Amino acid sequence: MNHPASAPAIGFLFDNSYARDLPGFYAAWKPEAVPAPVLLYLNQALADELALDLSTYDEAALAALFAGNRLPDGATPIAQAYAGHQFGQFSPQLGDGRALLIGEVIDRHGRRRDLAFKGSGRTPFSRRGDGKAAVGPMLREVLIGEAMHALGIPTTRALAVVGTGEQIRRERPLPGANLTRVAASHIRVGTFEFFARGAIEEVRLLADYTIARHDPALAGTANRYLAFLRAVTERQAALVAQWMLVGFIHGVMNTDNMSIAGETIDFGPCAFMEAYHPRTVFSSIDEQGRYAYRNQPAVAQWNLARLAETLLPLLADEQQEAVALATGVIDGFPERYRQHWLAGVRAKLGIPAGDAAADLALAEDWLGLLQQDKVDFTLAWRRLADAAEGRLAPLQALFTDHLALDAWLQRWQVRRAGDDEKAHAAAMRGANPWIIPRNHRVEEAVDAASDGDLAPFLALLAALQRPFEENPALARFAEPAPAAFTAAYQTFCGT
């Protein structure tokens, strides 16, 4: 039986702990109704994972639901409060300016997951913004989020995107959209920063809630807040290492865009590197290169230091002792990052654990070759897997300096001597994707979708969901962008 758009929504078993347990940490608010909702995308597999029963709803009802024109039973929409360091400068009040946390569900694996709208209209935190979003950036978030998920990188994901039937004003009028985002939570470093301005009990309440939600095993430890800081630091070290290993550049690593849960969040000006260069920047607003590819680990450490500052009153009674404890964790970040990156790069190189210094040198010299010859980052790693089973030509075709490449390959072959070549190459292909969200393909897809043609978006999405499978029919999605495109390419925050 199909339900009309005005019928109450069922199938969402909400348990909204943030709204229930943290009064004063948000503003209760409702999404703005939109004139003509149209369902553009629905992630049915994710809906099934979340135990959401959408089977009895027709497309019009689903569009009304995910546009915010009618809310599911049990929803408690709130705009969350947070602050943040944006490009190093502190903004004391940011908050959900165009987003609303609709509620929390427990998925089929017993995990608590947030459902949130993005682009649902103005909130008390909107400042001068309109609270809206456009079709292009919201479908871009689908593509990047699903690509990250398929690559095995912790990430927020899109459940649905609805066209609103509105035109929103940016540099030019654009078709409006509302995205439903799924996250382990939307608690950020900036959430702690908002409540740390002399409000020690609020920080304690937030920390206890976050520990119970994300690190329940720490609740009974002697210094649970120090253990919590250590756990968040570990998650970020692992996450950023994964970004670096696939050439992902977040583009705006402000503290309000760092998830306590260790998920990739906020896909505004992000992009994937093509020709390898550590200083690569695509974001139009990152004029100084603060969030360049090579800077991401150091920025993550800096952001974690801001989190540590908010926790100092909880770590020890004496300020000096608290600072020493926090400093010990933050100073340990580079080594934790290095360990995660080294484990990942060994998998990409197809070598077992061994002498760390020698393996780091091997990996860094490989990256030096890529930089010297301006080799595509993704294809270089993929073609190295071909070389593992004796097929050198595809790899050599990417380089101009064959002497330097051959010298490095000799070192690499010695390091991996004695392995089964085919099994070795297969394992490497499982660590080195063939398809990533190539920037020119992403732009083609979202531009076409903005003009009403979803076919390129759907084709690219299907390819991104199988990044490690080399299918000749999908070869166009694996090809690097023309050099002229990449040289002029910029990304934007979407607001």
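A residue is called buried when its relative accessible area is under 20%, exposed when over 50%, and partly exposed in between (1.4 Å probe, protein chains only). The structure described here is a predicted model, in which local features need pLDDT of at least 70 and side-chain atom pairs count only at pLDDT 80 or more, whereas totals for chains, interfaces and linings use all residues. Residues are numbered from 1 along each chain as its sequence is written, and side-chain values use heavy atoms, with hydrogens and water left out.

Helices (H or I, at least four residues) and strands (E, at least two) are DSSP runs numbered from the N terminus. Helix H14 covers residues 402-415. The expected span of a helix is 1.5 Å times one less than its number of residues. For the 14 residues of H14 this gives 20 Å, and the end C-alpha atoms are 20 Å apart, which agrees. In H14 the buried residues are Leu405, Trp408, Leu409 and Trp412. Viewed down the helix axis, these residues fall within an arc of 105 degrees, so they line one face of H14; the arc is that of the directions from the axis to the C-beta atoms. Leu403, Gln410 and Val414 are exposed on the other side of H14. Contact means heavy atoms within 4.5 Å, and the buried residues of H14 pack against helices H10 (333-349), H11 (356-373), H12 (377-388), H13 (393-396) and H15 (421-429).

A nonpolar core is a set of buried Ala, Val, Leu, Ile, Met, Phe, Trp, Tyr and Cys residues joined through side-chain atoms within 4.5 Å. The largest such core has 128 residues, of which Phe192, Leu311, Trp341, Trp366, Leu384 and Trp412 touch the most other members. Helix H7 (residues 224-246) supplies the largest share of this core, 15 residues. A second, separate core of 26 residues includes Ala133, Trp434, Ala445 and Leu460. Leaving aside residues up to four places away in sequence, tryptophan 366 touches Ala380, Trp381, Leu384, Leu395, Phe399, Leu405 and Trp408.

Rings of Phe, Tyr and Trp (its six-membered ring) pair if their centres lie within 6.5 Å; planes under 30 degrees apart count as stacked, over 60 as edge-to-face and the rest as tilted. The structure holds 20 aromatic pairs. In one of them, tyrosine 276 and tyrosine 293 have ring centres 6.1 Å apart and planes at 85 degrees, so the pair is edge-to-face. Both tyrosines lie in the loop between strand E12 (271-272) and helix H8 (296-315), and the pair ties together parts that are 17 residues apart in sequence. Tyrosine 276 counts as buried at 7% relative accessibility, and tyrosine 293 is buried at 4%. One aromatic cluster is formed by Tyr276, Tyr293, Trp366, Phe377, Trp381, Phe399, Trp408 and Trp412.

A polar contact is a pair of N or O atoms within 3.5 Å; within protein, one must be able to donate a hydrogen and the other to accept it, and residues adjacent in sequence count only if both atoms are side-chain atoms. Asparagine 257, in the loop between strand E11 (248-249) and E12, is buried with a relative accessible area of 13%. The side chain of asparagine 257 reaches the backbone oxygen of valine 252 at 2.9 Å. Tyrosine 26, in strand E1 (residues 26-28), counts as partly exposed at 22% relative accessibility. The side chain of tyrosine 26 reaches the backbone oxygen of alanine 19 at 2.6 Å.
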